[in-house]
Amino acid sequence: MSFGEKILKYKDQILADLAELIEIESVSSQGRELPAKALNVFLEKAEKMGFKTKNIDDIAGHVEYGDGDTLCGVLAHLDVVPVGGNWKYPPFKLTEDNGVLYGRGVADDKGAAVVALYCLKALKDEGIIGDRKLRLILGTSEEIGQDDMDAYFASEDMPDMSFTPDSEYGICATEKGILQLKISEQTHIGHVITELKAGSAINSVPDTAVAILECTENEDHQMQRLADAKPYCFDFNYTIDGIKVTSKGKAAHACEPEKGLNAATNLVSLLCSSFGSRALGNLCEFIDSYIGSDLKGKYLGIANKDKSGSLTINVGKLEINSEGSYVTLDIRYPVTSDPVVILNKIQTIANSENLKVDVLGHMLPLNISENAPIVKVLKKAYLSATGEEAPIYSTGGGTYARSLGGCGVAFGPVFPEDDCRLHNSDECMAVDKLMLHAQICLEAMARMLDSNFGDAV
């Protein structure tokens, strides 16, 4: 029996506490109150287990075990992205169906947070004291820019080594840069679109887009014929305000836009094909001419690729109305790309279309050596729990590892062969995979707490 298997006896408690947290609708883009509630509920559970806790202004906090001089950390977040549409299972209720758990936050990242707490409990219950201090650090705004970690590390020490279970297995030593932009048209000059809205989060592929149009009967018939010829799904309804066109796509995480189907860009493409881009305004012309179905920035002149992967671009939110219009872009760029060059190229094109560009957020790339101490620790933990070597990989995702001063990486909880539908409807994780992650996590946290653990067990 490996040490990691000791976590299995806590399975029912893990699932019960996860169910309670899933019911808290901690969507950070919709306000601070419910993410703060999730944090306080979590810290109360840790206190009842006998751990020291600290709350930093209801935006972040930690659970602590051990008294060594070296500080190690496990970072997880309790906020989630908006629900979106097309759920089969209730998003804010933990549902188990045929061995699979469903609910917003199951895989990203409440499941991993609860597992890490019970790993601390297992270490405590097993009497593993160690020679280091171990903190489970919790945040509540990971999905909207990670200002939670800015607030946390403004007053708390940076760990000497850390990992965040907020990606895939094996060990993510490289993360692409993330540049998030808002491109706006101060006055909507088009005469066809009365209103258009798509997307609820900048870092998700929108699965629905809806537009209200003013057009003639002939224009309507032409548009529907064009829609029938396109490989996408559109619905048409007649309302008192005009023709309502609904574009249906498939949600996905912005770091992997190819796994989704962007309802916003598909709708813009249909409308531009039907009415001409000039009739729709400068913003639609920009989207149709310079983005469209391209996910790699080719038409913007920013395409690039290196060992960390290809640049990707995602239209996350799009709104057009009488008060103005805007679109958000989520760009994940390779570690060798120059973000200044990327921004300048987009700015030049936007200026030519009389559009304004604002930077909403920017995270520099992360590139950790494969010989870093934390990588060595995690390799041993993965091997002990699975009998396999942990591969080193890169991602377009943005995790707390970027906040760790070059001493942390992302590690789990999702296994590469599994589609956990992150940032999508029916987010899920198999129970057995969650518990396998728990075994790996316990092995890793034991080695972080006790520098001699690998030799003693």
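User: What should I know about the model before we start?
Analyst: The model is predicted: local features need pLDDT of at least 70, side-chain atom pairs count only at pLDDT 80 or more, and totals for chains, interfaces and linings use all residues. Residues are numbered from 1 along each chain as its sequence is written, and side-chain values use heavy atoms, without hydrogens and water.

User: Why is proline 391 called partly exposed?
Analyst: Buried means under 20% relative accessible area, exposed over 50%, and partly exposed in between, with a 1.4 Å probe and protein chains only. Proline 391 has 43%, so it is partly exposed. Proline 391 lies in the loop between α9 and β23.

User: What makes β7 and β24 a pair?
Analyst: Two strands pair if DSSP finds at least two bridges between them. Strand β7 (residues 161-164) and β24 are joined by three bridges and run parallel. In one of these links, threonine 164 has alanine 410 of β24 as its bridge partner.

User: How do you know that β9 pairs with β24, and what joins β9 to β23?
Analyst: Strand β9 (residues 171-175) has two bridges to β24, in the antiparallel sense. The partner of cysteine 172 in β24 is alanine 410. Four bridges join β9 to β23, and these strands run parallel. There, threonine 174 has serine 394 as its partner.

User: Which side chains of β23 are buried?
Analyst: Tyr393 and Thr395 point to one face and are buried.

User: Why is the pair of tyrosine 169 and tyrosine 382 called tilted?
Analyst: Rings of Phe, Tyr and Trp (its six-membered ring) pair if their centres lie within 6.5 Å; planes under 30 degrees apart count as stacked, over 60 as edge-to-face and the rest as tilted. The structure holds 11 aromatic pairs. In this one, tyrosine 169 and tyrosine 382 are 5.6 Å centre to centre with 45° between the planes, a tilted pair. Tyrosine 169 is in the loop between β8 and β9, and tyrosine 382 is in helix α9 (residues 373-386), 213 residues apart.

User: What makes the pair of tyrosine 382 and phenylalanine 411 edge-to-face?
Analyst: The angle between their planes is 70°, and the centres are 6.4 Å apart. That angle falls in the edge-to-face class. Both residues are buried. Phe163, Tyr169, Tyr382, Phe411 and Phe415 form one aromatic cluster.

User: How many residues of the lining of the largest pocket are nonpolar, polar and charged?
Analyst: The lining has 14 nonpolar, 18 polar and 14 charged residues. Ala, Val, Leu, Ile, Met, Phe, Trp, Tyr, Cys and Pro count as nonpolar, Asp, Glu, Lys and Arg as charged, and the others, Gly among them, as polar.
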